[in-house]
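I opened a notebook for this chain and put down what I looked up, one topic at a time.

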Amino acid sequence: MESLLIKGGVPLRGEVRISGAKNAVLPIMAAALLTEDPCVIHRVPKLSDVRFMGQILARLGAEVHFEGDTVRIHARRIKGAGDYELVRKMRGSICVLGPLLARLKKASVSLPGGCVIGARPINLHLKGLEALGAKVTIKGGYVDVAAKRLIGSAMFLGGRAGPTVLGTANVMMAATLAQGVTVIESAACEPEVVDLAAFLNAMGARITGAGSPTVTIAGVRQLHGAEHEVIPDRIEAATYAIAGAATGGEVTLRGARPDHMRAVLDKLSDAGAKIERNDSDLTIRRAGPLKAVDITTLPYAGFPTDVQAQMMALMALTPGISIITERIFESRFMHVSELARLGADIEIEGPSAIVKGGRLLTGAPVMASDLRASAALVIAGLAARGATQVNRVYHIDRGYENIDGKLRRLGARIKRIEAS
Ligand code: EPZ
């Protein structure tokens, strides 16, 4: 099993190219199931989650070919059952459900199960598909959906924590081939949903309102193939921006979308980081001591839950008290105990973590748990004095393309090692 060995204390300097967005490319790859024509998707990040999605599509009968940062998917003939082993390993694959239902009028996909950050239910996905006329049955850990035909309808997809990103994606994809018009209220507004809608419209779908809480889909008889370039990964970009601030360096993000990162950039400037923007490039540097800021995670365009852990690492280094409240997932503080091993002083009070920041962190072996918690540990290790070994690095490789290579190019002393 691989680990990352980091020798901290080096300010990161230089530029890093932002890869395509993992959370856009996964549903966009699934959307290729909606047509028997070939689809071509560019700026695909080399991530284990993306390779998994390719395996799942191939198991469903699609031809999938990766060439550099392009993937060609041709779902000429497909079958409707999702392989448990693969779906269980990656929750994001639940987004094949909507396209399979629309294309085959039936699908059987394993219930994704929970993960370390929460129960991850799919009740809202199923509510939306039922609203389109699907019959849903759950048995033996699988969810079966079937419909003679899909009929467009109006529905409300808000849940206890607000909208659902992949639930919106699933229902939006299914609705493209429904008869009549579908209106999704309380739709997720994330840029990844907007990117999916752009790809679907390029395939001949008729979607309006993506990016707003009300999305309208006028069903069409069939969709054709399309070519698309995926948006840059705003979470990866935020992670490198925070790493630059945490190490007291100066980092330029190439090919980012600052307009997708407003909440994060706002908090970083409140904390005292200097941010220069020009079109698709962003430079972040720390000019002087940082200030503690409070964070509450919210649906987009609020502060993203996927950047909560990374911001906590920064606040652990920043003198003062920072209250970080997680409103999206019920247990997304796995990184707290590992940050404490590096010397961070953090107390959890219900949905909030109280970070008493400003101590100098010292390196230690730590265990990665979920994707973004692992990124937080890397950031803390880059700023800590001494060596930090982040174990179970496969968590990071799910969502960060070549993280050690990109950090080395920024001057970090980091290498990948085989650990017991
Ligand atoms: C997507 O997950 C992302 N994953 C997550 O990123 C991200 O954290 C999350 O959206 C929130 O922004 C992908 O896009 C592959 P949700 P998703 O449905 O769609 C509750 C990462 O690190 N809910 O928006 O699965 C749910 O429990 C990952 O890249 C229901 O109650 O998340 C949660 O509390 C982690 N019922 C909240 O809604 C449902 O049917 C938001 O979940 C669905 C969700």
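The entries below go from domains to a sheet and then to salt bridges.

**Entry 1: the model and its domains**

I noted before anything else that this is a predicted model. I then looked up how the chain is divided. The domain assignment gives domain 1 as 2–19 + 232–418, and domain 2 as 22–229. I looked up the distance between their C-alpha centres and found 30 Å.

**Entry 2: where the domains meet**

How many residues of domain 1 are in contact with domain 2? I found 27 residues of domain 1 in contact with 21 residues of domain 2. The size of an interface is often given as the accessible area lost when the parts come together. For this pair of domains I wrote down a buried area of about 2,000 Å², with carbon and sulfur atoms giving 49% of that area. On the domain 1 side, Tyr300, Arg398 and Glu401 lose the most area to domain 2. Together these residues make up 29% of what that side buries. I also looked for salt bridges across the interface of domain 1 and domain 2, and the rule finds four.

**Entry 3: a sheet and a helix**

Next I traced an open sheet of four strands. The order is S4-S5-S3-S13, and the pairing is mixed. Which strands stand at the edges? S4 and strand S13 (227–229) do; each has a single partner strand, so one side of each is left without a neighbour in the sheet. Neighbouring strands of this sheet are turned by 15° against each other on average, direction ignored.

Strands of a sheet pair through backbone hydrogen bonds, either parallel or antiparallel. I checked strand S3 (residues 38–42) against S13 and found parallel pairing over three bridges. Val40 stands opposite Glu227 in S13. I then looked at helix H1, which lies across S3, S4, S5 and S13. H1 runs at about 170° to S3.

**Entry 4: salt bridges**

Side chains of opposite charge can pair when their charged atoms come close. I searched the whole structure and got 21 salt bridges. I took some of them in turn.

I began with Lys22 and Asp49, whose side chains meet in a salt bridge at 3.9 Å, N to O. Lys22 is in helix H1 (residues 22–31) and Asp49 is in helix H2 (residues 48–59), so I noted a link between distant parts of the chain, 27 residues apart.

Glu63 and Arg76 came next, with a salt bridge at 3.1 Å, N to O. Glu63 lies in strand S4 (residues 63–67) and Arg76 in the loop between strand S5 (70–74) and helix H3 (84–89), so the pair ties together parts that are 13 residues apart in sequence. Glu63 is partly exposed at 35% relative accessibility, and Arg76 is partly exposed at 39%.

I also looked up Arg72, which forms a salt bridge with Glu67, the closest N and O atoms being 2.9 Å apart. Arg72 is partly exposed at 35% relative accessibility, and Glu67 is partly exposed at 40%.

My last item was a network of salt bridges that links Glu2, Asp397, Asp404, Arg408 and Arg416.

Methods: Residues numbered from 1 in each chain as written. Predicted model: local features only at pLDDT ≥ 70, side-chain atom pairs only at ≥ 80, totals over all residues. Heavy atoms only, no water. Helix = DSSP H or I, 4+ residues; strand = E, 2+ residues; numbered from the N terminus. Buried < 20%, exposed > 50% of the residue type's maximum accessible area, 1.4 Å probe, protein only. Pairing = 2+ DSSP bridges. Axes fitted to C-alpha atoms, helices over the stretch in contact; angles between N-to-C directions. Contact = heavy atoms within 4.5 Å. Domains from an automatic or database assignment. Buried area = accessible area lost by both parts, 1.4 Å probe.
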